[in-house]
Amino acid sequence: MSKVCVVGLGYIGLPTAAMLASAGHTVIGFDINPDVVAKVNQGHAHFREPDLEMLLAAAVKTGRLTAQLTPAEADYYIIAVPTPFKDGKKPDLSYVDAGSDAIAPYLRPGCTVILESTSPVGTTERITARLAGKRKELVFPVYKSEDHHEGQVYVVHCPERILPGQMVRELVSNDRIIGGMTEFCVAKAASLYETFVKGTSYNTDCRTAEFVKLMENAYRDVNIAFANEVSLICDRLDVDVWRAIELANKHPRVAILKPGPGVGGHCIAVDPWFIVDSAPEQSRLIRSAREINDHKTDYVYDRILHAAGRFRNPVIACFGVTYKPDVDDLRESPALHIVERLLRNSKFKVLVCDPMLKDLPSKMAAHPRLKLVDAETARAEADIVAFLVGHKKFRNLQPQKFLEKVVVDTIGLMAVPQAH
Ligand code: SAJ
């Protein structure tokens, strides 16, 4: 069993820290947010994720997981900090840089640094150079070198690929890609992951691992863009997109995804831009997919606006504001963007119904023309109903109860399944 310092107790770092502790490791969770640290030390997660609360409570109770505002000396460091983009859709590596700067003074010979954050190609080499610049007395790996020094520091990229909503299960069952600066680095990291991962670990170099992760999310974005583009074409040609996709998917080699109000979350709406940024001329499809998915949000907003034109002071009910079904995460949520834009029109009153949320985000909660309500109130009071997120709890809404409303159904909630 090892001592592991997890840098960043967010959506990836926290479940990983709890899982490592439950596997028997001693885990120090380091986060710069005092509220997060306090909450974790009480055994509570700061976001909702199935099974996480139980795993975390046990990890804290046994004393194997503690959170603190500084890093600690450890055998392994796992960096799991955000990698958003900044102006011009350029990757913002400031959190990765800050995380590696923070651990630099604690590194000791033989320790391993694992970058789990989704990162542009070259980032693992970047942090290695940064750490080496701060700890000149230690030996760091050289990319793809076959040399090995006793007591060197090892550095790898092992991208996290767990799906929000199924994180705890996927942490154990997913296959892992371990991309090292050198093969010796891979071997070091593999011996940590094999203590809790039941999936297979595949070894490669860090550049390939970085690209594989970006490519996976770009692949999903492109597929969702196809579904969203098809939905626009169907609207134009007066074809029922849900029935058309259902029928096309009867073909043995066709599996079209679901159209929606756009693509949200902190991953798929962001990561493809890292590819576009690094190879703009070669990434035409990936860029178009991002643009198509972003455009879909504008299109849905315009449809609601068009419907609102019929009313003097329309009440608009938005069913769902999270970035996808059955999570409480609002980051990059297309539905939330639509709500924010609707509120800019002083004639509109907006009702939000979202069973995953106890409260609206603080910046919206006090808005005089916005209310978080239950499904029945939203239905009863609305002139226009926009179905934006397909939460499981919406599945028992009865289409006939919405007949006298103007409905903008972006997720096929009211589509009647066909028997044949
Ligand atoms: N969406 C659609 N139609 C679909 C499927 C999804 O519009 O048919 C939308 C969702 O509503 C959401 C967005 O796409 O707004 C993304 O949702 P998602 O469930 O596809 O993916 P994420 O962002 O929750 O998680 C992804 C996963 N990556 C892949 O499936 C390739 C996950 O495995 C990664 O770990 C995660 O990104 C990440 O952290 O990178």
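In this predicted model, helices H5 (residues 123-134) and H8 (residues 206-237) pack at an angle of about 130 degrees, and their axes lie 8 Å apart. Helices are DSSP runs (H or I, at least four residues), numbered from the N terminus. Axes are lines fitted to C-alpha atoms over the stretch in contact, with angles from 0 to 180 degrees between N-to-C directions. Thr-123, Thr-124 and Glu-125 of H5 meet Cys-206, Arg-207 and Glu-210 of H8 (contact: heavy atoms within 4.5 Å). One of these residues is nonpolar, two are polar and three are charged. Asp, Glu, Lys and Arg count as charged; Ala, Val, Leu, Ile, Met, Phe, Trp, Tyr, Cys and Pro as nonpolar; the others, Gly among them, as polar.

A polar backbone atom of Ile-162 is 2.7 Å from a ligand oxygen. A backbone N or O atom of Lys-258 lies 2.7 Å from a ligand nitrogen. Lys-324 places a polar side-chain atom 2.9 Å from a ligand oxygen.

Residues are numbered from 1 along each chain as its sequence is written. Local features need pLDDT of at least 70, side-chain atom pairs count only at pLDDT 80 or more, totals for chains, interfaces and linings use all residues, and side-chain values use heavy atoms, without hydrogens and water.

How values were computed. Helix = DSSP H or I, 4+ residues; strand = E, 2+ residues; numbered from the N terminus. Polar contact = N/O pair within 3.5 Å; in protein donor to acceptor, adjacent residues only side chain to side chain.
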